[in-house]
Amino acid sequence: MEETYNSDGDSVDNSNTSMTATTTTNNTNTTTNEAKNLLISASDKAGMGGIDRERINAILLRESGTSDYMKRQISMDDNANKRIQQMKERLEEKDNTSTNDWRKEIKQSTVDPMLQKYRSQRRPISTCCVVDMDSFFISCHILDNPHLAEVPACVGGTSMISTSNYVARKYGVRAAMPGYLGSKLVSELSNGKEKLTFVKSDFSLYRKKSAEVKDILLQYDPSLTMGSLDEAYMDIESYLSIQLDDKCLSHEDIITILKNKASHTKQTQQLHERFPMSVIHKAAQDLLNCIRKKVKDSTGLTCSAGLCNNYLLAKVASDINKPNGQFFLGSEENDIKTFIRTLPTRKICGIGRVMEKTLRGVCGIETIQDLYNKRAEVYFLFKPASAQSLLRVSIGYSDSEHRESNEDDEEEEEALHRKGISTERTFSPTSDWTVMCTKLEGITMSLVEDLREKSLRPKTITLKIKLANFDILTRATTRDIALFSANNQRQSAQDLVDIVIRLLRDVKREYDKKNKAPAEPSTKKSPFSMRLLGVRCSNFQIGKDNQSSLVSHYQVARGSDDTDKASADSSSDKRSPVKNPYSPKPTNRQVNKKNSKMSPKRNLGNKSSPSNLKDDSNITSTTNNDFSTEIQCPICQAYFKSGNVDVDINAHIDTCLNAATVKQLAKEETHEWNQRNKKKKRKLGDFFGR
């Protein structure tokens, strides 16, 4: 268990004087450690060097110590302490039961060979670049209101701060901090001389400025990845290769060559084989400086950047010379070792306050050098995925290969390497059902735009809810058929909204039922009220849609000339896809079990139109004399005219073939099989005289 949670009496002697001194010392350490373990805002960002962290943490704990958020954080921290104790007991048991030096054995047999393999895969040159805009949100507002740069200012409100300027950071004000705490810090640390200025967020402005920055960066790497609105991951190797091969080329010429990769003759030798390393790295630094200058001149915004042979360390490097600076890290092994040796573990992207505390509490790991020295313990204690990730960090390695793909492979590449995509919004706590649904619909439609832009087809949808008391609830559902298939774009957007609304309804119903009649009145919780909603899509379908056209299977052609004519007439009809007859909303449609069975001998001419279809004229019968092509849905038996029928029938089946339909058909088949089985048993019983 960490020192933070030891009682003061554990380390005091019998002297009153000694007790007082020891208690004071322990309380000071407790305050610092608790703030660091409990609050994101207790960690430093760029521009916060030299602040009085101890005093700031004391204020944060004093002002938020009785809040619901702090109560939940303390509960979570207690759970982390229990896990730490369990891991320490495992480690102690391993030491007591092992007869040999198990640490040395693990290093020699497993860990060191694995790390050596990673070292051999390092990129030989430092061309991986992370560009990070400086206090992006507030800087966008400073362009129109320059006075905001001279006073403590932030974007957000009293509930939460999105970004603070560098003046406010000198008082410990940073992102992910409640606004009322930021105001208290500025007021108290300035002795009442200054106040924190709040600026209302404007995401349309941020998206506009982000697009301007992205357009500039795309000139240097057409395949760059935007980590967020204010952060870009790019590889400038291709640009450097063209530039160094022909120094007479202008920037515009290089842009043209990068856009038309096929016209660029690829060199048989790698860049580092054609030019000295010093020449490449000097050109890379000059180019990066030119990029940052162009961003400043074009947008008025400054950015900082890091340059290394992988994005993990480039991200760390981008934070070193903020604001409006850059840092270069060479690709040599000694350069990387020297750079990471003294880095605190929290500086690495992906290691948060819980992991930081776990590493420190179990193994005494504070820096990346400590992480490497304790690599055997890390491999033994953590799950394989976490252990391998931490071990890669211990040598400053990440897989930063810049994958190039053509247009045909882009969708599959994105779905293959992306685990998920999500959107969430924080707002003032509300218990109004209409407001919840409205906010959730807006969040979902924002995610729909991202899914369509990246051509992702998810099967798993997860809803995240943060209640007013900061408890987090999640619900997920997985579909057999992916959303946003090529033939079902329009309906999939509404389908996703319906799914998340249904998940929200289920969570609320479960919450209300659980808290409806508590055993004791004192245990009754507050009404269902939330402060955050988020939607995540994952489990993406890879490759093309598995569903092929059904035209060839259900087409009834009555003459090629007439069919072509009917197809042309129908294609001009801009009809919307047939509405899903099995949508969650109640309908008047009644399913006839007998008629719903699919049979090749069925008389299609006697099929009556479903009552809930939007346009009866779209449903034809085989007895008509227009000799048009007809296709029948194998699920609900609806008919479609020829024309753009490939899109309509596929879209219709995507929405028609849902869980409710499959369940109904399976139930009918099971019932029919049971009836046949019973008859068979009766016949056998009669035969044997039972």
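Visitor: Which residues does Phe528 touch?
Guide: Leaving out residues up to four places away in sequence, Phe528 touches Thr430, Ser431, Met436, Ile465, Leu467, Leu504, Val507, Lys508, Tyr511 and Asp512. Contact here means heavy atoms within 4.5 Å. This is a predicted model, where local features need pLDDT of at least 70 and side-chain atom pairs count only at pLDDT 80 or more, while totals for chains, interfaces and linings use all residues. Residues are numbered from 1 along each chain as its sequence is written, and side-chain values use heavy atoms, with hydrogens and water left out.

Visitor: Okay, and where is Phe528 found?
Guide: Phe528 sits in the loop between helix H21 (489–514) and strand S12 (530–540). Helices (H or I, at least four residues) and strands (E, at least two) are DSSP runs, numbered from the N terminus.

Visitor: Is Phe528 buried or exposed?
Guide: Phe528 is buried, with a relative accessible area of 3%. Buried means under 20% relative accessible area, exposed over 50%, and partly exposed in between (1.4 Å probe, protein chains only).

Visitor: How many residues apart in sequence are Phe528 and Val507?
Guide: They are 21 residues apart in sequence, and 9.5 Å apart in space, C-alpha to C-alpha.

Visitor: Switching to helix H18, which residues are buried there?
Guide: In H18 (residues 384–394), the buried ones are Ala387, Leu390, Leu391, Val393 and Ser394. Seen down the axis of H18, the buried residues fall within an arc of 155°, so they line one face of the helix. That arc is taken from the directions from the helix axis to the C-beta atoms.

Visitor: What does the face turned away from the buried side carry?
Guide: That face of H18 carries the exposed residues Pro384 and Ala385.

Visitor: And what covers the buried residues of H18?
Guide: The cover includes helix H4 (102–120), helix H13 (311–317), helix H14 (333–340), helix H15 (353–363), helix H16 (368–373) and helix H17 (375–381). After H18 comes Gly396, with a positive phi near 65°.

Visitor: How many residues are in the largest nonpolar core?
Guide: That core has 43 residues, and Leu217, Met234 and Ile236 have the most contacts inside it. Helix H12 (residues 277–299) gives the most to this core, with 7 residues. A nonpolar core is a set of buried Ala, Val, Leu, Ile, Met, Phe, Trp, Tyr and Cys residues joined through side-chain atoms within 4.5 Å.

Visitor: Which residues is Met234 in contact with?
Guide: Setting aside neighbours within four places in sequence, Met234 is in contact with Thr127, Cys128, Cys129, Val131, Leu217, Tyr220, Asp221, Leu224, Ile291 and Tyr311. There is also a second, separate core of 41 residues, including Ile84, Val111, Val130 and Ile351.
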